[in-house]
Amino acid sequence: MIDIYIFVLISFILVLTFFVGRWIEQRHWDKLTQKEQLLSGIMVSDMKSLPPNWKATNAQLVSGQVVLGNDYFRSLCAAWRKIFGGKMIGYERLLSRARREATVRMLQQASQLNANVVWNVRYTTANIGNKDESSSNFFGVEVYAYGTAMTISDVNNSIRSNSVENPSSFETQAQQQTDR
């Protein structure tokens with residue numbers, strides 16, 4: 001009889017942690033969306049060079065770093081996926097949240113510098129867990145985002161002059177430079 005109570009208790013705890021974990025994750029997604037909307041005025045690009053007609057001032061390196069842990073329930077589901085194959089959705093969501101959080105932190109730093117553009121954005125990741133490759137202990141992930149924050153004077157007009165409708169767009173100018 002005690003075995004049934006223990007089984008029910010453990011099942012209840014697992015179900016409770018699943019729903020509490022989902023609720024915490026959803027709150028994090030909502031907060032990220034709000035922060036991203038507040039920082040949406042800062043342009044982000046992974047391109048190495050600026051368009052030729054842009055004049056940058058106050059260029060400075062900005063970065064954002066986050067370490068997110070994985071919950072036990074997701075690790076358990078990922079272990080099953082490891083055995084049977086398929087997408088590890090729990091880890092994908094964890095990496096996506098970490099990437100977005102690192103980007104938000106980088107943009108907050110750029111905002112403090114009054115930058116309106118972050119250029120040449122790059123990401124690095126690291127797994128946090130056992131050093132033993134054969135072990136499946138995965139505790140979390142670190143994501144580090146970095147780029148060059150700068151102020152572009154009258155960036156909105158620069159963007160309009162680089163639009164697709166304009167034949168002298170950035171792509172066209174870049175192509176002309178490579179043809180020379």
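Glu101 has a relative accessibility of 6% and therefore counts as buried, since the limit for that class is under 20%. In this predicted model, the side chain of Glu101 meets that of Arg105 in a salt bridge, with 3.0 Å from N to O. Arg105 is partly exposed, with a relative accessible area of 36%. Because Arg105 and Glu101 are four residues apart in helix H3, about one helical turn separates them.

Salt bridges that share partners also join Glu25, Arg93 and Arg97 into one network. Side chains of opposite charge can pair when their charged atoms come close. Glu25 takes part in a salt bridge with Arg93 and in another with Arg97. Glu25 is buried, with a relative accessible area of 3%. Arg97 is also classed as buried, at 13% relative accessibility, while Arg93 is partly exposed at 29%. The salt bridge count comes to four, and the table lists some of them.

| Salt bridge | N to O distance |
|---|---|
| Arg93 and Glu25 | 3.2 Å |
| Glu25 and Arg97 | 3.6 Å |
| Arg105 and Glu101 | 3.0 Å |

Which parts of the chain does the pair of Arg93 and Glu25 link? Arg93 is in helix H3 (residues 89-112) and Glu25 is in helix H1, and the two are 68 residues apart. As for the other bridge of Glu25, its partner Arg97 lies in helix H3 and Glu25 in helix H1, so this pair ties together parts that are 72 residues apart in sequence.

A search of the whole structure finds three aromatic pairs. One of them is formed by Phe18 and Phe19, in an edge-to-face arrangement with 5.1 Å centre to centre and 75 degrees between the planes. Phe18 is partly exposed at 26% relative accessibility, whereas Phe19 is exposed at 52%.

Trp54 and Trp119 form an edge-to-face pair too, at 5.2 Å centre to centre and with 65 degrees between the planes. Trp54 lies in the loop between strand E1 (43-44) and strand E2 (56-69), and Trp119 lies in strand E3 (residues 117-129), so the pair ties together parts that are 65 residues apart in sequence. Are these two residues buried or exposed? Trp54 is buried, with a relative accessible area of 6%, and Trp119 is buried at 4%.

Another ring has a charged neighbour: Arg27 lies over the face of Trp23, at 4.8 Å from the ring centre. Trp23 is also part of a nonpolar patch on the surface, together with Leu9, Phe12, Ile13, Leu16, Val20 and Ile24. The accessible area of this patch is about 700 Å² in all. Leu9 is located in helix H1 (residues 2-38) and is partly exposed, with a relative accessible area of 49%.

The last points concern the chain as a whole. The protein chain has five helices and four strands, and from the N terminus on its elements run α-β-β-α-α-β-β-α-α. Of its 180 residues, 28% are buried. The chain exposes about 12200 Å², and carbon and sulfur atoms supply 57% of that area. How many of the contacts between residues at least 6 apart in sequence join residues at least 24 apart? The share is 80%.

Key. Residues numbered from 1 in each chain as written. Predicted model: local features only at pLDDT ≥ 70, side-chain atom pairs only at ≥ 80, totals over all residues. Heavy atoms only, no water. Phe/Tyr/Trp six-rings, centres within 6.5 Å; stacked < 30°, edge-to-face > 60°. Buried < 20%, exposed > 50% of the residue type's maximum accessible area, 1.4 Å probe, protein only. Lys NZ or Arg CZ within 6 Å of the ring centre and 35° of its normal. Patch = residues over 30% accessible without salt bridge, like charges linked within 9 Å, V, L, I, M, F, W, Y side chains within 5 Å. Areas by Shrake-Rupley, 256 points an atom, 1.4 Å probe, with all protein chains shown as cover. Contact = heavy atoms within 4.5 Å.
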